[in-house]
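Please follow this account of helix packing and nonpolar cores with the coordinates open.

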Amino acid sequence: MEHVDVAIVGGGPAGSAAAHAAAEAGASALVLEKGVPREDRAVLGPDSTDAAGILDYWVDIMGIHPDEFPDGVLLSELDRATFVGPTESCTLRSTGIDSSYDAFGYTFDRARFDDWLRDRAEGAGAEYRVGVSVRDVETLIDGDPRHTVELADGDAISADVVVLADGPQRTVTNRVLDRYLTAPVTDHLGTTTANHIAYQEHRRLPAAVAEDLRGAITFWWGYIPGHTAYPWIFPNDDDVARIGLTMPIGLDHSSVADPESYALLRPEDDTVPSGSEYLRRLLEHEYGDEYDVPEDFPLVEDRGKSKGTETYPISSTRPVDSPVDAGIAVVGGAMGTTSAFHEGGDHVAVRTGAIAGELAASGDLSDYNAAWRDAIEDEIVRNVTMAEMVRDYNPADWDRIFGTARKMLADENGQGLYDQKLSAGWGAIKLLARYKWRKRQIRKSYVSIRESEYVY
């Protein structure tokens, strides 16, 4: 049987980062990636789909500066984020968090980014094997070999340490973790209940619209129903933008309170519209008075997963610890560190993968759960806190929040959202106090499966 020091299930950002770190530390590392086809990739690769934007301080969390990228990965620099409600809006020009990156952020080509991460891992000595589906991982805590990675074609690979990086669908992760828990892992990580679905289209914008949106990531809140459900536009290169949305899986239209208050719902709707229909309505709502949307916002069919479009899951759960005593680390979307609230999370995927890979090379994962907390706890707690605060928001609530936030962003640089601004009024003080209180509470409970809950 083939043997490696570290076997990594999944070759996206987390898996490739784990392979790179393990190989750099001198371990033999093997990435097993089933591979999916894409319109804009000549060969099979990971399921490279998300909005692919990075904020300034995320650069430091990820540990990779865009100066390291080859040409074609970085698409555009950002200078602001605009949040649009039904009648109110606000623009953030600084995250207010110290970082080594000078701009507000950047957008990038996720497929090229993943391909570069693969090249980087292989350059460090890791092997990246595509077209290989993992069926299961059998573990003997004190066995030799410790892990047997069973492949769909009947072959097997043994490993000292296994890193699970199979993304939010958790095809292998759920099966593995279930063996170490007294209650079903799907209570925490059900594929549909713990994830959102995202859909995006690559469209060429009219020149005037492209110029107006250049440098901005734009989000529309209170336009579609559902917890952390929103459309967005991310500028790319050459007047092309990714126009997309994220929403809960299986949302029932009959459960939507006051559906007429949502700008992208129609009286005749008896089900929640599809992603493509929502985006058509968004463009008509924003630009239909001036443009012929189908003609003036054409799909760019040689981009994306299929004819300019892509659909993908995003984790919407709280993260889980790993069963490190079994020699298993769960990273990235599989562990729930990515977030529907901030549209993905390549930065935390790369960081958790790198931490796991470095520790895996030593053969001892015992510090992994503490190490990922040290690296990304503040980021995860912020996201979970904000997502929980807005769980039951309706369109009027978003208008109220954006009106308050606009007052809180007192200076021209949009600084100070997390600072107490007495001049912004009592509403701002209450909002900030509620955020800080909820954040303190969530910091105690943001991990949905703790290391102590695993039974060996």
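Leaving aside neighbours within four places in sequence, His20 is in contact with Arg120, Ala121 and Ala124, where contact means heavy atoms within 4.5 Å. His20 lies in helix H1; helices (H or I, at least four residues) are DSSP runs, numbered from the N terminus. With a relative accessible area of 12%, His20 is buried, a class that covers values under 20%, with exposed over 50% and partly exposed in between (1.4 Å probe, protein chains only). This is a predicted model, in which local features need pLDDT of at least 70 and side-chain atom pairs count only at pLDDT 80 or more, while totals for chains, interfaces and linings use all residues. Residues are numbered from 1 along each chain as its sequence is written, and side-chain values use heavy atoms, with hydrogens and water left out.

Helix H1 (residues 13-24) packs against helix H3 (residues 110-123) at an angle of about 20°, and their axes are 8 Å apart. Axes here are lines fitted to C-alpha atoms, for helices over the stretch in contact, and angles run from 0 to 180 degrees between N-to-C directions. H1 and H3 are therefore roughly parallel to each other; angles under 35 degrees count as roughly parallel, over 145 as roughly antiparallel, 65 to 115 as roughly perpendicular and the rest as oblique. Pro13, Ser16, Ala17, Ala19 and His20 of H1 meet Arg110, Phe113, Asp114, Leu117, Arg118, Arg120 and Ala121 of H3. By class, the residues of this contact are 6 nonpolar, 2 polar and 4 charged, where Ala, Val, Leu, Ile, Met, Phe, Trp, Tyr, Cys and Pro count as nonpolar, Asp, Glu, Lys and Arg as charged, and the others, Gly among them, as polar.

Phe113 leads on to the largest nonpolar core, which has 112 residues; Ile8, Phe113 and Tyr368 have the most contacts inside it. Such a core is a set of buried Ala, Val, Leu, Ile, Met, Phe, Trp, Tyr and Cys residues joined through side-chain atoms within 4.5 Å. H10 supplies the largest share of this core, 8 residues. A second, separate core has 28 residues, including Tyr199, Ile224, Leu264 and Phe297.

What does Tyr368 touch, not counting residues up to four places away in sequence? Among its partners are Ser322, Val324, Met335, Thr352, Ile355, Ala356 and Leu359. Helix H9 (residues 346-362) and helix H10 (residues 368-389) pack at an angle of about 160°, with axes 10 Å apart. H9 and H10 are therefore roughly antiparallel. On the H9 side the contact includes His347, Val348 and Arg351, and on the H10 side Tyr368, Ala371 and Trp372. The residues of this contact divide into 9 nonpolar, 2 polar and 2 charged.

Methods: Helices (H or I, at least four residues) and strands (E, at least two) are DSSP runs, numbered from the N terminus.
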